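Please have the sequence and the structure at hand.

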Amino acid sequence: DWSSDVCSSDLYDTLIENIDIGGPAMIRGAAKNHADVAVIVDVDDYALIIQELTHHNGSTTLATRKLLAAKAYARTAAYDAAISNWFASELKQETPDWRGFGGKKIDVMRYGENPHQSAAFYKTTESRFGIATARQLQGKQLSYNNINDTDAAFECVAEFNPSTTAAAVIVKHANPCGVAIGSSLLEAYQGALRCDPVSAFGGIVALNRKLDAETAKAIVDIFTEVIIAPEADDEAIALIATKKNLRLLVTGGVPDPRAAGLLLKTVAGGFLAQSRDNAVVDDMTLNIVTKRAPTEKEFSDMRFAFRVAKHVKSNAIVYAKNGATVGIGAGQMSRIDSARIAAWKAEDAAKLAHEPESLASGSVVASDAFFPFADGLIAAAKAGATAIIQPGGSLRDDEVIAAADAHGLAMVFTGTRHFRH
């Protein structure tokens, strides 16, 4: 299958030579003549054909031949789409005049985002560790929302290199409600849970290292829908098995946050296609714009917070301290509201942890886009933040910088925006 070859070869001439001409032509020709011909492109249909031949004296029904023809056209279309997209990549065409996409159905959901919607899960030719490459070791069937949330969680945790730090992400409704790094997965998970233990109930947990028994035991203490990790050891698997409905997924690896890719969004009458947001804060120049420069600790937390903000729905505000989120404001129509919600979350988390002051005290703040006014920054300062990381680029940057100086905050501009809708 050429669409498989493209994932394992970078030899142009070899791939061109392996493009099948006759096969798709015969399949399409047979599909067109489905009134008299049954065309089979999927081994999973063999049983159906045998049944038809057995019950219809060696013949197939027209209804079945129509279904097979429809599948044949979809299969050749997916094959051609894989070739055309490979060509676009080779020719560095970011926006080719025509775009084709295809996928193989790997599961039918009970329903879609809501019970009255139908849904299925399709796998493309992209070779990226994640939900589509995962093996489900146990638990109920994944729902549409499970898959969407699990993908969001795993892409977020992939921002943290497993060779340098353990990381845990808890996601609810496609937004992180807690993210932390640590010397162990247990430490990271406990830090993530501390941010918002209320929202974590019924959430998705993503880890960037092999799941161990100690961490598994902590996770099953509260109701969790899905755990996704590169691997899991036998003891952890046995512990998770005590929760028969809890889904455990292992992916075989962690996706590269810097890798190129294509994202799609349907709109009425069409779709939007854009390159993946593969900008990583470690590759950015952080421009100090305030009188006070950040401390090394603030710089470290700033980079951490900006990684997380990339995966929070806009408008996004993330408070972080000591390598853990302490308040997240997501998806608000105004940035000031996201800042206030994040601060409120930090206060609530402190009460649950029996802390005398807000978790935001002494934190840094990341914003996915520039502050259009100084009000959001001032709200962060009142919440106890000491430093800000944001893209910059507002017409009122000078006003925002002046407010930061007036409140003794350190602030850096990244020059890179991370809108997420």
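The points below treat backbone geometry and then salt bridges.

This is a predicted model, in which local features need pLDDT of at least 70 and side-chain atom pairs count only at pLDDT 80 or more, while totals for chains, interfaces and linings use all residues. Residues are numbered from 1 along each chain as its sequence is written, and side-chain values use heavy atoms, with hydrogens and water left out. Helices (H or I, at least four residues) and strands (E, at least two) are DSSP runs, numbered from the N terminus.

**Backbone geometry**

- Most peptide bonds are trans, and most residues other than glycine have a negative phi.
- The peptide bond from Ser-314 to Asn-315 is cis, its omega being near -10°. Asn-315 belongs to the loop between helix H11 (296–309) and strand E12 (317–321).
- Asn-57, a residue other than glycine, has a positive phi near 55°. Its place is the loop between helix H4 (46–55) and helix H5 (62–90).
- Asn-322 is not a glycine either, yet has a positive phi of about 55°. This residue lies in the loop between E12 and strand E13 (324–329).
- Relative accessible area is classed as buried under 20%, exposed over 50% and partly exposed in between (1.4 Å probe, protein chains only). Asn-57 is exposed at 78%, and Asn-322 is exposed at 52%.

**Salt bridges**

- A salt bridge is a side-chain nitrogen of Lys or Arg within 4 Å of a carboxyl oxygen of Asp or Glu. By this rule there are 15 salt bridges.
- Lys-104 pairs with Asp-42, with the closest N and O atoms 2.7 Å apart. Lys-104 lies in strand E1 (residues 104–108) and Asp-42 in the loop between helix H3 (22–32) and H4, so the pair ties together parts that are 62 residues apart in sequence. Lys-104 is partly exposed at 41% relative accessibility, whereas Asp-42 is buried at 12%.
- Arg-194 and Glu-355 form a salt bridge at 3.3 Å, N to O. The two residues are 161 residues apart and link distant parts of the chain: Arg-194 is in helix H7 (residues 185–195), and Glu-355 is in the loop between helix H12 (335–352) and strand E14 (364–367). Arg-194 is partly exposed at 37%, and Glu-355 is partly exposed at 36%.
- Arg-292 bridges to Glu-298, with the closest N and O atoms 3.1 Å apart. Arg-292 is partly exposed at 29% relative accessibility, whereas Glu-298 is buried at 9%.
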